[in-house]
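Here is a report on charged side chains and how they pair. Please read it alongside the model.

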Amino acid sequence: MTQAAVDSLFAHFKGISAAAESAPTLRRLVLRLAMQGRLTERLATDESVELLLANIKDTHLANRKKTRKKIATEPAVALYSIPPTWRWVRFDKIATIASNLVKPQDYLDEPHIAPNHIEKATGRLLEYTTVREDGVRSNKHRFFAGQVLYSKIRPNLAKSVVVDFQGLCSADMYPLNSHMNVEFLHLYTLSQPFLECVTSDDNRLAMPKVNQEQLSAVPVPVPPTQEQQRIVAEVRQALGLCDELEAKQRQQRQARTRLNEACLDRLLTAQTPDEFTEHWQRIHDNFDLLYDDSSIVASLRPAVLSLGTSGHLTGHSLNSWPKASIGSLLREKSLNGISTRPSNEPHGTEILRISAGTARQDFLIAEEEHKYLEADEATRMKFSVEPGDLFACRFNGNLHYVGLFSLYTGYRQVEQLYPDKLIRFRVDLGRCLPEYVRYAMNSPETRGDVEKFCATTAGNIGISATKLKTVEIPLPPLECQRRIVERIEAVLSMCEMLQAALGQREAAAERLLGALTHRLATAPPSAEAARLPAAPLVPHVALSIEA
């Protein structure tokens, strides 16, 4: 490996730190390099790995005499190049699956560990309770301090942990006795090479699982005992720094979110134009700080609707304007759509899918979301769709979609019908603009009123047209509505461009991070730079992120 590859990682870190997966990616890199022998030096004082393997073989022979269990003789397959002082060994030669099923009633007050108590990919043990508290009834494995607990289900999640206490673990886990450095073996079970081995042959779609035969055949790189200890020390230090990086990134996101919420709250509660201007200026001056994450930009959308329908974006106050119920603004009765089951076959008239009303962030009907229905002329006339129609979803599993208003614009210029779970509203154009009603009905304030009317039936959340029509919205003059719509759409357009730009930046950071770590992981070691200490990979990283 050349130092140039490491220098590239450091030189580009400011850019790759925008990648959401920077800390997990660095963890995987550290583990991969460790298991390739690239983080430690070979020392002449190290005992030969052959001595370790001979001792392990003696242990296996002794155990075989007790258990009469057959020992596999197949050699381990080399997965990649390792130092000449290392050896590839089958998993069952350096570890034993210590199955030991017991009745939980005899261990009610001991800890109970299940796969969900282990954090994926990090080897960290999460909060757990006792056998009694978990109400365990079926037999579980008895485990002891110093063992590795490895989850055999969903092996792609890489859930394993070293325990320093005894207790019971799920039958979906293997307690492992290690005949080499237990921490080294544990780190290997978290590494990408091991993960690729245990998932490569798995064809279970419902519940992926690695069986004892598969696990036993996994090749394990075995360094001399003293080098195993050095590798564990290097990796633990580096992974600790990865944890610091992740914590600082999380703190940054949380602080930015809190600051954004505080600024928007002051903006939304401004009582005078001068107060509003002052708070808007504060957001303007700190815009790059507040909105450098695409996920936070999404929080701007509801705020823009609130600002628009409260008159702030146009310099008006709607407090002096009357409110009107949706029902009083209609030029004809609301109507639920067609209940006939549509088809995917392209015959008949297009009929919107239920998801057409909730698929877009801009509250427009997604006209591409459709199926087909054979319908007579009378049905087509009754359930026709035309530009300016408003639709609300009356049933959905997601509360935030129920009663959500979307506007049909007819941009595809194709005849379409609509399904039963959408309600059609046609407003009186002499009193209100459908574009304005769409924004007013979807503002956070009005959504609060809508969601109060929602009820759950058979697992679905629903609202009736009758209740929706009682919801009130501010009703300024038509010209003011027009200005409000224009201003909202201008700001939302800016939000979309900003979110797209930030998304591209984050995607570019992910690609750059992937390319740099791939270069580090795959570059062949050179004679002058065969060792790369793990800790220097990450201090630059952790310290580059400001708290």
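The sections below cover the basis of the model, one arginine, a network and two further pairs.

## Basis

This is a predicted model: local features need pLDDT of at least 70, side-chain atom pairs count only at pLDDT 80 or more, and totals for chains, interfaces and linings use all residues. Residues are numbered from 1 along each chain as its sequence is written, and side-chain values use heavy atoms, with hydrogens and water left out.

## Arg-426

Arg-426 sits in the loop between strand S20 (422-425) and helix H15 (434-442). Helices (H or I, at least four residues) and strands (E, at least two) are DSSP runs, numbered from the N terminus. The residue Arg-426 is buried, at 8% relative accessible area. Buried means under 20%, exposed over 50%, and partly exposed in between (1.4 Å probe, protein chains only).

Leaving aside neighbours within four places in sequence, Arg-426 is in contact (heavy atoms within 4.5 Å) with Leu-330, Arg-331, Glu-332, Ser-384, Glu-386 and Asp-389.

## The network

The structure holds 26 salt bridges. Each is a side-chain nitrogen of Lys or Arg within 4 Å of a carboxyl oxygen of Asp or Glu. Such bridges link Arg-331, Glu-332, Glu-386, Asp-389, Arg-424 and Arg-426 in a network.

Arg-331 is partly exposed at 44%. Glu-386 is partly exposed at 31%.

## Two further pairs

Glu-119 and Arg-124 form a salt bridge of 2.8 Å, N to O. Glu-119 is partly exposed, with a relative accessible area of 27%. Arg-124 is partly exposed too, at 30%.

Lys-452 and Asp-449 meet in a salt bridge of 4.0 Å, N to O. Both lie in helix H16 (residues 444-452), 3 residues apart, about one turn of the helix. Lys-452 counts as exposed at 68% relative accessibility, while Asp-449 is partly exposed at 33%.
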